[in-house]
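Welcome! Please take a moment to look over the sequence and the model before reading on.

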Amino acid sequence: MDFLRITNNEKYQRVWLNIAYQRKLKNMTQVQLAEKIGVSRTHMSNIEAPNMITSISLEVIFNIADVLEIPVDILFKFV
């Protein structure tokens with residue numbers, strides 16, 4: 001799929017799905033990840049919910065990547 005042809009909402013959803021996927025690859029729960037990055041479990045759940053758009057800061061995204069021990073660009077892969 002052409003990156004320029006997908007909507008911003010679709011891009012948000014893919015980032016959140018990538019976060020959930022990478023977290024699960026590390027056998028980590030939402031609670032564990034939330035604690036390690038300093039957000040509530042509810043906020044973490046909202047971040048990963050593909051049917052709702054939840055704003056998060058770059059700092060939170062960077063922290064997620066650090067905790068999951070992945071390059072941050074992995075979270076922005078749309079393929």
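Helices (H or I, at least four residues) and strands (E, at least two) are DSSP runs, numbered from the N terminus. With that in hand, look at the end of helix H4: the helix is followed by glutamate 69, whose phi is positive, near 55 degrees.

A word on where these values come from. The model is predicted, so local features need pLDDT of at least 70 and side-chain atom pairs count only at pLDDT 80 or more, while totals for chains, interfaces and linings use all residues. Residues are numbered from 1 along each chain as its sequence is written, and side-chain values use heavy atoms, with hydrogens and water left out.

Which residues of H4 are buried? They are Val60, Ile61, Ile64, Ala65 and Leu68, where buried means under 20% relative accessible area, exposed over 50%, and partly exposed in between (1.4 Å probe, protein chains only). These residues lie on the same side of H4 because they cover an arc of only 140 degrees around the axis, taken from the directions from the helix axis to the C-beta atoms. An α-helix has 3.6 residues a turn, so residues three or four places apart point the same way. On the face turned away from the buried side of H4 you will find the exposed residues Leu58, Glu59 and Asp66. The cover over the buried residues of H4 includes helix H1 (8-25), helix H2 (30-37) and helix H3 (41-48).

**The core**

The largest nonpolar core has 20 residues; such a core is a set of buried Ala, Val, Leu, Ile, Met, Phe, Trp, Tyr and Cys residues joined through side-chain atoms within 4.5 Å. Ile19, Leu33, Met44 and Ile64 have the most contacts inside this core. H1, H2, H3 and H4 each supply at least two of its residues, and H4 gives the most, with five. Leaving aside neighbours within four places in sequence, leucine 33 is in contact (heavy atoms within 4.5 Å) with partners including Ile19, Met44 and Ile64.

**Salt bridges**

The structure holds two salt bridges, each a side-chain nitrogen of Lys or Arg within 4 Å of a carboxyl oxygen of Asp or Glu.

| Pair | N to O distance |
|---|---|
| Arginine 23 and glutamate 48 | 2.7 Å |
| Aspartate 73 and lysine 77 | 3.6 Å |

Arginine 23 lies in H1 and glutamate 48 in H3, so this pair ties together parts that are 25 residues apart in sequence. Both arginine 23 and glutamate 48 are buried. Aspartate 73, at 40% relative accessibility, counts as partly exposed, and lysine 77, at 46%, also counts as partly exposed.
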